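Thanks for coming. Please have a look at the display.

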Amino acid sequence: MSTFDHTGLMQDINAQLGPFRQSQAATMRGFSALAQGALAEGALSAKQKELLALAIGVTQHCSGCIGFHVKALVRLGATRAEVEEALGVCVYMGGGPALMYAAEALKAWEALAQPEPAVC
């Protein structure tokens with residue numbers, strides 16, 4: 001089983017992009033507005049759109065995208081079955097390479113869908 005650490009990767013990406021967000025504030029505001037517009041509820045639900053985004057991340061072999069979109073799917077209440085069906089379409093369309101990243105997406109799901117430990 002993969003030992004890929006999506007949580008750590010997402011933390012590293014956010015840390016590395018911090019200074020970029022400041023130096024390229026207008027670009028990053030534009031990117032954020034684009035994401036918000038593309039993922040807003042409409043004819044497709046936000047969850048359906050995140051499943052599409054995950055599928056694109058898998059077929060484009062983007063580990064960061066996999067982590068961030070799995071995290072969003074967990075927040076939106078997606079089930080493992082929904083994620084697995086989307087990954088099945090990825091394998092159909094992307095073949096063996098997509099299958100390898102589908103395994104990575106399932107590893108991310110296992111890591112990110114775990115309930116937070118109780119704080120006493």
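Does R21 count as buried, exposed or partly exposed? R21 is partly exposed, because its relative accessibility is 34%; buried means under 20% relative accessible area, exposed over 50%, and partly exposed in between, with a 1.4 Å probe and protein chains only.

Before going on, a note on where this comes from. This is a predicted model, in which local features need pLDDT of at least 70 and side-chain atom pairs count only at pLDDT 80 or more, while totals for chains, interfaces and linings use all residues. Residues are numbered from 1 along each chain as its sequence is written, and side-chain values use heavy atoms, with hydrogens and water left out.

Back to R21. It lies in helix α1, residues 6–23; helices are DSSP runs of H or I with at least four residues, numbered from the N terminus. Leaving out residues up to four places away in sequence, R21 touches N14 and M28, where contact means heavy atoms within 4.5 Å. Y101 is 80 residues from R21 along the chain, and their C-alpha atoms are separated by 28 Å.

Now the core. The largest nonpolar core has 19 residues; such a core is a set of buried Ala, Val, Leu, Ile, Met, Phe, Trp, Tyr and Cys residues joined through side-chain atoms within 4.5 Å. The members that touch the most others are L54, V58, I66, V70, L73, V83 and L87. Two or more residues each come from α3 (46–59), α4 (63–75) and α5 (80–112), and α5 gives the largest share, 10 residues. In soluble globular proteins, nonpolar side chains tend to be buried together. Take V83 from that list: apart from neighbours within four places in sequence, V83 is in contact with L51, L54, L73 and W109.

Next, the helix pairs. The axes of α3 and α5 are 9 Å apart, at an angle of about 15 degrees; axes are lines fitted to C-alpha atoms, for helices over the stretch in contact, and angles run from 0 to 180 degrees between N-to-C directions. α3 is therefore roughly parallel to α5, the cut-offs being under 35 degrees for roughly parallel, over 145 for roughly antiparallel, 65 to 115 for roughly perpendicular, and oblique for the rest. The residues of this contact divide into 12 nonpolar, 1 polar and 2 charged. Here Ala, Val, Leu, Ile, Met, Phe, Trp, Tyr, Cys and Pro count as nonpolar, Asp, Glu, Lys and Arg as charged, and the others, Gly among them, as polar.

How do α3 and α4 compare in direction? Their axes cross at roughly 160 degrees and come within 9 Å, so α3 and α4 are roughly antiparallel to each other. On the α3 side the contact is made by K47, E50, L51, A53, L54, G57 and V58, and on the α4 side by C65, I66, H69, V70, A72 and L73. By class, that is 9 nonpolar, 2 polar and 2 charged residues.

Two histidines to finish. H69, in helix α4, is buried, with a relative accessible area of 19%. Setting aside residues up to four places away in sequence, H69 touches E50, A53 and L54. H61 sits in the loop between α3 and α4 and is partly exposed at 37% relative accessibility. Its phi is near 60 degrees, a positive value in a residue other than glycine. Most residues other than glycine have a negative phi.
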